[in-house]
Amino acid sequence: MNDETRKFDAAPGGDPQSPHEVLVAVYRALEEKGYDPIRQLVGYLISGEPAYIPRHNNARTIIRKVPRDDLIEHLLTYYLEREVLGEARR
């Protein structure tokens with residue numbers, strides 16, 4: 001019998017889980033379908049309307065697994081850490 005603690009991964013090799021992974025997956029799906037990914041994501045993030053995101057590659061289901069405020073927080077943090085903190089380091 002093995003006494004080691006195992007880490008449970010709810011979706012091994014499955015759908016993206018982190019806000020970053022979700023945004024990248026949805027961005028790629030939008031691109032593949034010929035949409036402007038930025039405009040579509042902005043529409044979704046502002047309105048919450050899932051119709052901005054296609055069902056292609058399960059993108060609509062994937063994006064709805066992460067709360068919109070978590071996606072916005074991730075985007076803002078990612079941007080500011082690079083732009084504001086990046087300038088301070090120069």
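Modeller: Buried means under 20% relative accessible area, exposed means over 50%, and partly exposed is in between. Leu23 has a relative accessible area of 10%, so Leu23 is buried. Keep in mind that this is a predicted model.

Colleague: Where does Leu23 sit?

Modeller: In helix 1.

Colleague: And how far is Leu23 from Leu75 in space?

Modeller: Their C-alpha atoms are 9.2 Å apart. In sequence, Leu23 and Leu75 are 52 residues apart.

Colleague: Step back a bit. How many helices and strands does the protein have?

Modeller: Four helices and zero strands. From the N terminus on, the order reads α-α-α-α.

Colleague: What share of the residues is buried?

Modeller: Buried residues account for 24% of the 90 residues.

Colleague: Take Val22. Is Val22 buried or exposed?

Modeller: Val22 has 0% relative accessibility, so Val22 counts as buried. Val22 lies in helix 1.

Colleague: What is the C-alpha separation of Val22 and Arg64?

Modeller: 9.3 Å, with the two residues 42 apart along the chain.

Colleague: Which helix holds Tyr79?

Modeller: Helix 4, residues 68-89.

Colleague: Rings next. How many aromatic pairs are there?

Modeller: Zero in this structure. There is a charge over a ring, though. The charged end of Arg82 sits over the ring of Tyr78, 3.6 Å from the ring centre.

Colleague: What salt bridge does Arg82 form?

Modeller: Arg82 forms one with Glu81. The closest N and O atoms are 4.0 Å apart.

Colleague: How accessible are Glu81 and Arg82?

Modeller: Glu81 has a relative accessible area of 39%, so Glu81 is partly exposed. Arg82 is at 42%, so Arg82 also counts as partly exposed.

Colleague: How many salt bridges does the count come to?

Modeller: Two. Arg39 forms a salt bridge with Asp36, and the closest N and O atoms there are 3.4 Å apart.

Colleague: Is Arg39 buried or exposed? And how accessible is Asp36?

Modeller: Arg39 counts as exposed because its relative accessibility is 64%. Asp36 is at 37%, so Asp36 counts as partly exposed.

Colleague: Switching to backbone. Where is phi positive in a residue other than glycine?

Modeller: At Asn57, where phi is near 55 degrees. Asn58 is not a glycine either, and has a positive phi of about 65 degrees.

Colleague: Why flag that?

Modeller: Most residues other than glycine have a negative phi.

Colleague: Where is Asn57? And where is Asn58?

Modeller: Asn57 is in the loop between helix 2 and helix 3. Asn58 lies in the loop between helix 2 and helix 3 too.

Colleague: What relative accessible area does Asn57 have? And Asn58?

Modeller: Asn57 has 48%, so Asn57 is partly exposed. Asn58 has 34%, so Asn58 is partly exposed.

Colleague: Last one. Which loop holds Lys33?

Modeller: The loop between helix 1 and helix 2. Lys33 is partly exposed, with a relative accessible area of 46%.

Colleague: And how far apart are the C-alpha atoms of Lys33 and Arg55?

Modeller: They are separated by 10.0 Å. Along the chain, Lys33 and Arg55 are 22 residues apart.

Definitions and conventions:
Residues numbered from 1 in each chain as written. Predicted model: local features only at pLDDT ≥ 70, side-chain atom pairs only at ≥ 80, totals over all residues. Heavy atoms only, no water. Helix = DSSP H or I, 4+ residues; strand = E, 2+ residues; numbered from the N terminus. Phe/Tyr/Trp six-rings, centres within 6.5 Å; stacked < 30°, edge-to-face > 60°. Lys NZ or Arg CZ within 6 Å of the ring centre and 35° of its normal. Salt bridge = Lys/Arg side-chain N within 4 Å of Asp/Glu carboxyl O. Buried < 20%, exposed > 50% of the residue type's maximum accessible area, 1.4 Å probe, protein only.
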